[in-house]
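User: I am new to this structure and would like to go through it by question and answer. Please keep the answers plain.

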Amino acid sequence: MDNLLHTFRAQLEQGGLADGLRFLNERVPHRFTGVYRLRDGTLHSVGLFDKLNEVLPEGLKAVPLVDSFCQFVLRDGGFSTACTAQDERLNGHVYQGVVGSYIGLPLTHRGDDLQGTLCHFDFEDRAPVSEDEYAFLNKAALLLPRFLPSS
């Protein structure tokens, strides 16, 4: 995992957040990999990679915390679901069945100051990532904040 983190850091240092998100996205089947910063009860996209390289949907640029899956990341320290439509934890959620799969981890500078989230998501259901990939994503989330634009 140290080699992966070294490669990820090099991507961030040489190509910025966009290259870092592309690197993370290439490791998973999910269409999107994004970083969202929490400000005034809304999650704002700081960076988003789309495998299909389409124009960012307006609804993904800023999402009220109460309408996002990121609320569970911030509350629980991480959240993952392979099929939102069948995930009982999401019953009644506005995006249940709209977003098919989601993996999210908190972004912090020191481990205790929540800044936002790093997430993979897709409109389609996707198999869960391996435990090793989840552990790598967790470490990547700890590294990311120092490479984010200032708010």
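User: Is Glu 133 buried, partly exposed or exposed?

Analyst: This is a predicted model, in which local features need pLDDT of at least 70 and side-chain atom pairs count only at pLDDT 80 or more, while totals for chains, interfaces and linings use all residues. Residues are numbered from 1 along each chain as its sequence is written, and side-chain values use heavy atoms, with hydrogens and water left out. Buried means under 20% relative accessible area, exposed over 50% and partly exposed in between, with a 1.4 Å probe and protein chains only. The relative accessible area of Glu 133 is 9%, so Glu 133 is buried.

User: Which residues does Glu 133 contact, leaving aside its neighbours within four places in sequence?

Analyst: Glu 133 sits in helix H3; helices (H or I, at least four residues) and strands (E, at least two) are DSSP runs, numbered from the N terminus. Contact means heavy atoms within 4.5 Å. With neighbours within four places in sequence set aside, the contacts of Glu 133 are Arg 27 and Val 28.

User: What is the N to O distance in the salt bridge of Glu 133 and Arg 27?

Analyst: A salt bridge is a side-chain nitrogen of Lys or Arg within 4 Å of a carboxyl oxygen of Asp or Glu. The side chains of Glu 133 and Arg 27 meet in such a bridge, with N to O at 2.5 Å. The pair links distant parts of the chain, 106 residues apart, with Glu 133 in helix H3 and Arg 27 in the loop between H1 and strand S1 (32-39). Arg 27 counts as partly exposed at 31% relative accessibility, and its N to O distance to Glu 133 is 2.5 Å.

User: Which strands does helix H3 lie across?

Analyst: Helix H3 covers residues 131-143 and runs at about 35° to S5. Axes are lines fitted to C-alpha atoms, for helices over the stretch in contact, and angles run from 0 to 180 degrees between N-to-C directions. The strands that H3 lies across are S4, S5 (101-108) and S6 (114-122).

User: What is the order of the strands in the sheet?

Analyst: Two strands pair if DSSP finds at least two bridges between them. The sheet is open, has 6 strands and is paired in the antiparallel sense. Its edge strands, S3 (62-64) and S4 (79-81), each pair on one side only. The order is S3-S2-S1-S6-S5-S4.

User: How many bridges join S5 and S6?

Analyst: S5 and S6 pair in the antiparallel sense. Within this pairing, Ser 101 has Asp 122 in S6 as its bridge partner. The number of bridges between S5 and S6 is 8.

User: Which residue in S6 stands opposite Val 35?

Analyst: S1 and S6 run antiparallel and are joined by 6 bridges. S6 is largely enclosed by the rest of the structure, because 7 of its 9 residues are buried. The residue in S6 opposite Val 35 is Leu 118.

User: Which residue forms a salt bridge with Asp 122?

Analyst: Asp 122 counts as buried at 3% relative accessibility. The closest N and O atoms of its salt bridge are 2.9 Å apart. The partner is partly exposed at 29% relative accessibility; the partner of Asp 122 is Arg 126.

User: Why are Glu 13 and Arg 9 separated by about one helical turn?

Analyst: The two residues form a salt bridge, with their closest N and O atoms 3.7 Å apart. Glu 13 counts as exposed at 52% relative accessibility, whereas Arg 9 is partly exposed at 30%. The separation is about one helical turn because, in helix H1 (residues 2-25), Glu 13 and Arg 9 are 4 residues apart.

User: How far from the sulfur of Cys 70 is the nearest cysteine sulfur?

Analyst: A disulfide is a pair of cysteine sulfur atoms within 2.5 Å, and a search of the whole structure finds 0 disulfides. Cys 70 is in no disulfide, and the nearest cysteine sulfur belongs to Cys 119. Cys 70 is buried at 5% relative accessible area, and Cys 119 is buried at 1%. The distance from Cys 70 to the sulfur of Cys 119 is 4.8 Å.
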